[in-house]
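Have the sequence and the 3D view open as you read.

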Amino acid sequence: MGIGLITLILVIGILFLLFAGVPLAFSTGIMAAALILMEFGPVGLSLIATRIYDLMADFSFVAVPLFVMMGLVLEKSGVTNDLFRAMSMLGGKIRGGLAVQTLAVSVLLASMSGIIGGEIVLLGLIALPEMLKRGYDKKLAVGVVCAGGSLGTMIPPSIVLIVYGLTTDTGVGELFLAVLLPGLMLASLYVVYVMVTATIWPDKAPPLPHEERDMPRAEKMAVMRGAILPVAVAAWVLTCIYTGITSFIEAAAMGVIGALISAAIKGTFSLGLVRDVCNQTLRICGMIMWIVFGATALIGVYNFFGGAAYVTSAITALDWSPLAILIVMMLILFVLGMFMDWIGILLLTMPIFVPIIIGFGYDPIWFGVLFTMNMQMSYLTPPFGPAAFYLKGVAPDDITMGDIYSSFWPFIFLQALAIGLLIAFPKIALWLPSVLM
């Protein structure tokens, strides 16, 4: 069978299985096994087993469940709730202050976990009712919660960056440094949008009542103390990573320890908490690893038949500039993000795209930041748009899926603007790694 026919069979087969309701992890795994059986019979299955074994032997994957566990401990112990209350004190006098402080909390939550679904649910339970109660425009409030809660892809320790680094053999520490300024840039674009909206249409983001802004000093201090523990955990983890005190894997373990200590100080630590956190960590990481297994098997089999070389030659044979091909890649990732989860997109495309990017002379660190920013968009773009489903589960009944999806478009535009800025000015991502590493 020629590689062109193999490519066509794989694409049609995966699409058929996905539309039939088969999960992505099993769709890719089934097609990989079917292809290898067609060519070599049962003996060929050893190729898949070898690929999966080599992947699981990579010790760096230990960081994924550790960072997930750290975020879950902080969430379930109530530490992140204290952070939100403290930040609401600081944002009271700003135009659109409640939305602005929700975005600030989103950045801090992202720096503590990188678990996007958990952040959106948490903000949907805490921030969304508060904004609606204060008279905020429904679509503005929903958009802020979902866009802010999705910042976990762009703020270290991002699980997306860890898997990208492991898949493309790129330094995770450098990726963490490279994504920091673009992540803050994107969050700043959100803040500017909120403040401009609140200035032009004050009724969409009214200020807090005077009595709430002028709370007694003693009460203010009591609320502000709630920010000490979560900020300390986030600062400790990032300090360990960026100063080289530990590797990013060890920093993840230190983060879990810090989160458990924070829960103990707050008085919410219990064996039940540990059991719940471990169970949820197992479920989240089990889902991730099954997708990794399936995609790794498919890419391994496809490359064995010369698939990577075939796609690379097809793309490079186009009489287009490297910039035009880069933009096409971004569009492909955007379209895939409308229908697939980020980890499936990463594992299916990056082994093909990254060598092409390197061949054009682009930096894979910079491309990793572009990919991550693109995947940030995938959380909001319909029909998949997982942020909408995360929020719908905890949103008031009068907020429909139509309301949620229509609230995303201004933020999708801001994400596209951020990608354009990164393409035009690569130093936004590459300056910090060049200085500190």
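## A charged pair

Lysine 138 and aspartate 403 form a salt bridge, with their closest N and O atoms 3.5 Å apart. (A salt bridge is a side-chain nitrogen of Lys or Arg within 4 Å of a carboxyl oxygen of Asp or Glu.) The pair ties together distant parts of the chain: lysine 138 sits in helix α8 (residues 138-149) and aspartate 403 in helix α21 (residues 401-424), 265 residues apart. Helices here are DSSP runs of H or I with at least four residues, numbered from the N terminus. Why can such pairs form? Side chains of opposite charge can pair when their charged atoms come close. A search of the whole structure turns up 1 salt bridge.

How hidden are the two partners? Lysine 138 is partly exposed, at 29% relative accessible area, while aspartate 403 is buried, at 18%. Buried means under 20% relative accessible area, exposed means over 50%, and partly exposed is in between (1.4 Å probe, protein chains only).

## About the model

This is a predicted model, where local features need pLDDT of at least 70 and side-chain atom pairs count only at pLDDT 80 or more, while totals for chains, interfaces and linings use all residues. Residues are numbered from 1 along each chain as its sequence is written, and side-chain values use heavy atoms, leaving out hydrogens and water.

## Cysteines

How many disulfides does a search of the whole structure find? The count is 0, a disulfide being a pair of cysteine sulfur atoms within 2.5 Å. Cysteine 146 is buried, with a relative accessible area of 0%, and cysteine 240 is buried with a value of 0%.

## A helix with a buried side

Now look at helix α17 (residues 322-337).

In α17, Ile325, Leu326, Met329, Met330, Leu333 and Gly337 are buried. They cover an arc of only 145° around the axis, so they lie on the same side of α17. That arc is taken from the directions from the helix axis to the C-beta atoms.

## Two more stops

Threonine 281 lies in helix α15 (residues 271-304) and is buried at 7% relative accessibility. Leaving aside residues up to four places away in sequence, threonine 281 touches Pro65, Val68, Met69 and Leu72; contact means heavy atoms within 4.5 Å.

Proline 426 is in the loop between α21 and α22 (427-436), and is partly exposed at 30%.

Terms used. Helix = DSSP H or I, 4+ residues; strand = E, 2+ residues; numbered from the N terminus.
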